Amino acid sequence: EPSLPVWSADGTRLYLTATTRGDGPLLALDAFADTPRAEVVVPGPGILGGYTLDRECRRVAYLWATLDDPAQLIVRDLDGGEPRQLTDLNPWLAEVDTGEIEEVWFKAADGYDLHGWILKPPGFDPARKYPSIVQIHGGPQMQYGNLYTHEFHYLAAQGYVVTWSNPRGGQGYGETHAGIIYGQWGTVDYDDVMAWADTVEKLPYIDPERMGVTGGSYGGYMTTLIIGRTQRFKAAVAQRVVSNFLSFYGSSDLNWGLENLAGTAAPWDDVHGCWAQSPISAIGNARTPTLVIHSENDYRCDQEQGEQVFIALRRLGVDTELLLLPGESHGVSRGGRTDRRIARLEHMAGWFERYL
């Protein structure tokens, strides 16, 4: 979560967090320079959580997460001193083989540079052909990055190569990168996800006949769009989806705020535009076995958005199940009740096991 900016003791600098190329560093901005430039105070690779400065603004304490550690409490001098780790919160990780993560850059269909990561399963054998799962982030104004993600490791431990990338429409790579899908979700962002799937499929240890796809929120939107446009994936798990912008406008707690987030007009002002960006418009082509997961208290993406997908797939004769999580919100994967979070993961793993 972003933290509020903090002034230096002398009132000349502003400390703030940022997201950039998979990292979440702490920056210091010279607030009164003619051309303000941001100095990196706490660099990556990693993601900075909440932070506090001492009264003299000489030291900073912060939470720091990396690809292989969920979080530690760190303190460091702002004049460039070495960081000092105050905690050892996850000693059990030293006892577990969590698999190797590779960071990669690849090309979009139009030659644009894109960023992704590949997590290989524990005990990886390069001579084998592995099933794989493409993960798609939410937002879309978010990013994947150098952060420990338990879901990815859980699936990798089942024997999957788990991959994730940052298609255009997300944050961390500049305003043009983020704004290119404004008012046109499902265009170049879809192409970028397909370019990532192409990159993954060409890896010598990937079985192209056993590729799966999943994502939540905007990632659920994209997963639903994918199953309507292509049959390249053998299984899908669509989570807390946005499926229909016409009904989403009135059922989400975003309502008119959606116009600013996605660039879509009110449905009565632009039925065609809302429908063109709605995954449900292409659902008639779906053939991919799809598990739909939704929370009953999701006010961001209402339950009816997931039910539209489930009912359509049932009507089409596509293998599908609907998992509804009672009492849970949009953030169930990160903050839900423990037993429901476990149930979600087990259903997801079971679905991929069945079809991959």
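I took helices (H or I, at least four residues) and strands (E, at least two) as DSSP runs, numbered from the N terminus. On that count the chain has ten helices and 16 strands.

This is a predicted model, so to speak: local features need pLDDT of at least 70, side-chain atom pairs count only at pLDDT 80 or more, and totals for chains, interfaces and linings use all residues. Residues are numbered from 1 along each chain as its sequence is written, and side-chain values use heavy atoms, with hydrogens and water left out.

**Overall build.** I looked up the extent of the C-alpha trace, and along its principal axes the chain spans about 65 × 55 × 45 Å. Next I checked burial (under 20% relative accessible area, 1.4 Å probe, protein chains only); buried residues make up 51% of the 356 in the chain. For contacts I used heavy atoms within 4.5 Å. Among those with a separation of 6 or more, residues 24 or more positions apart account for 61%.

**Cores.** I then went for nonpolar cores, meaning sets of buried Ala, Val, Leu, Ile, Met, Phe, Trp, Tyr and Cys residues joined through side-chain atoms within 4.5 Å. The largest has 50 residues, and Tyr221, Met222, Ile226, Phe233, Phe245 and Ile283 touch the most other members. Helix H3 (residues 188-201) gives the most to this core, eight residues. I followed up Ile226: leaving aside neighbours within four places in sequence, Ile226 contacts Ile136, Tyr190, Val193, Met194, Val213 and Phe233.
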